[in-house]
Amino acid sequence: MEPVRSKLAVMLLAGLAAVSPALAESVVTEAEEATINTLEPPKTGWFFVKGGWGTAGSSIFDSATGKMIGMIATGRDSDMAIDPAGKVYYVAETIWTKGNRGTRQDLVAVYDAKTLKLLTEIPTPGRLIIGGLKTNFVLSDDGKTAYDYNFDPASSVNVIDLVKRKFVRAIELPGCANLIPNPGVGFSALCADGTLATVAVKGAAQEITRTEPFFDAAVDPIFANFAYDRKRKQAVFLSYTGMVRTAAISAAPAVSEPFSIQQAAGLRAADTKPLDIAWYPGGSQLMALHRPTSTLYVLMHMGEYWTHKQGGDEIWALDLASKKVTKRIPLKDPVNNIEISQDDAALIMVTDRDNNGKVIDAKTGEVKHTIENAGGGHITVVEPM
Amino acid sequence: MKTFNPDAIGEKLLRRFAGRTSRRSIISRLGVALVAAPLFPVLPVSRAEAAKPDRTPEAKTAFARNAQTKDDTKCDYWRYCAIDGSLCTCCGGGVHTCPPGTEPSPVSWVGSCINPEDGKAYMIAYRDCCGKPSCGQCGCDNTDRETQVYLPQLNNNVIWCFGTSSMEYHCSTAIMIGAA
């Protein structure tokens, strides 16, 4: 055995000698300290991608590079919102004192946007635990008020003062959910009776008004993950059959006449009958609004009605002004979530049920980055104010 | 095609629930929910066609046309037409039985599913079993007549573990309520 050992030793030494010039260049001679990175204020080219169902954490990806640059501690089934001033991130979440049991605590956690450190927690009386909804927790345009939807199982909205960082009060809102900030008024919400309710918050009182019914919540529902353009004060609604409506948000919102996204693509409109194979919208966060061009990007799949959770095989770009589908981007694998950067780059991010993500150029359809384990939850971007 | 009448579904379920529970806080919250019930849409189509529901293959959804009645550990078992989550039949429970150590939710979302054996529609309550981590077995996500959270009794994304000692979701059962 001895000669073999000697030979091995010689080989090892020879190997070390061969690589030593390369090693010398990367040798660190001084002791290092553990350091911590900080982040710039939230940028339009960032995607905040929530982990899949039951996981915690929203990864931040830079769309230009496809690289992860940080993570916000968004607990399981929490909802995140970005401070319009870019100074903090808000996370509405529910935790228990003993992990999976003990006393339930509902709160809004406030994280510093630069250090991502917890600044404070605002206790709230409850919230809907669901995950995957972007209309559960919304901020007013001035960033001073948060509206946090609660369901226990009666329906209400918690009003939170973000300046004083205090819960203000709960407003009962039977039969409605999915919130839209309504500047200078309060908020609006979609309702089971097919109306849009508007809650004018007036100090300790409120006035609730409703539009006329404009959709059937049981036959052709409007997707709860709708889009809202703060600059235009316009919500964009899409129904299971692909009917598109816009709503001018004010003290008395006005909802437009619907049109079919399939007809906007030169096809016949889809309907609710079985055995009618057509292109339908589907997924979880199935639409993204590029606000600078007022173009709606929708995940579409071929199938029958009641397949509204099926992932998209194509992305359809719908120009809301001309009511025309201007581009159809085929996808290699079905995806469930879509969002788009709110800048001229117009980079789309999509994620699938296996948590994989892609960054796609909306203008060319080219896949710019493929990101494994990006996250399977919904995606948030900085909105133009 | 016969569709849901959410008013009737809500009333039936809440009556069953009210007869079983003693939790004052959740009853008071359910009372508020009941106030909301008249706001749920009353579907003229369901009234007009209630007398003679169309059960021809052309009127059935893709799920109903392909559903089976033999194996309740498979996603295409007929009662699972609007279920979302892990099947309790794969987690140590049964189609109306929670696995050991878990607790059934007193409230639920519902589905209206057609039994291929007799061609009739039945109301199914998808009661979550709560109090343990997610089972993870036999994940299904069927969406016949499943709507959005503003019509919560027909939405299968809500974690329905209200009124249990823990809101932690483990799996879902599919309990027969009666003819739809």
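Biologist: Why is B:R65 called partly exposed?

Modeller: B:R65 has 29% relative accessibility. Buried means under 20% relative accessible area, exposed means over 50%, and partly exposed is in between (1.4 Å probe, protein chains only). The value 29% sits in between, so B:R65 counts as partly exposed.

Biologist: What should I know before reading on?

Modeller: This is a predicted model, where local features need pLDDT of at least 70, side-chain atom pairs count only at pLDDT 80 or more, and totals for chains, interfaces and linings use all residues; side-chain values use heavy atoms, without hydrogens or water. Residues are numbered from 1 along each chain as its sequence is written, with chains lettered from A and ligands numbered from 1 in the order written.

Biologist: What makes the pair A:R76 and B:E168 a salt bridge?

Modeller: The N to O distance is 3.7 Å. A salt bridge needs a side-chain nitrogen of Lys or Arg within 4 Å of a carboxyl oxygen of Asp or Glu. An Arg and a Glu at 3.7 Å meet that rule.

Biologist: Why does this pair join two chains?

Modeller: A:R76 lies in the loop between β3 (67-72) and β4 (79-82) of chain A, and B:E168 in the loop between β6 (139-141) and β7 of chain B, so two chains are joined. A:R76, at 28%, is partly exposed. B:E168, at 12%, counts as buried.

Biologist: Where do A:E304 and B:R65 lie?

Modeller: A:E304 is in the loop between β23 (295-303) and β24 (312-319) of chain A, and B:R65 is in helix α4 (residues 62-66) of chain B, so this pair also joins two chains. Helices (H or I, at least four residues) and strands (E, at least two) are DSSP runs, numbered from the N terminus. A:E304 counts as buried at 10%. Its salt bridge with B:R65 has closest N and O atoms 2.5 Å apart.

Biologist: How many salt bridges are there between chain A and chain B?

Modeller: Five. Over all chains, the whole structure has 21.

Biologist: How much area do chain A and chain B bury between them?

Modeller: About 3,600 Å², 64% of it on carbon and sulfur atoms. Buried area is the accessible area (1.4 Å probe) lost when two parts are put together, summed over both. A:P153, A:W306 and A:K309 supply 18% of the area that chain A buries against chain B, more than any other three residues. The contact (heavy atoms within 4.5 Å) takes 44 residues from chain A and 42 residues from chain B.

Biologist: Why is A:T94 called buried?

Modeller: Its relative accessibility is 9%, which is under 20%, so A:T94 counts as buried. A:T94 belongs to strand β5 (residues 88-96) of chain A.

Biologist: What makes its link to A:D106 a polar contact?

Modeller: The two side chains are joined at 2.7 Å. A polar contact is a pair of N or O atoms within 3.5 Å; within protein, one must be able to donate a hydrogen and the other to accept it, and residues adjacent in sequence count only if both atoms are side-chain atoms. The distance of 2.7 Å is within that limit. The side chain of A:T94 also makes a polar contact of 2.8 Å with the side chain of A:R127.
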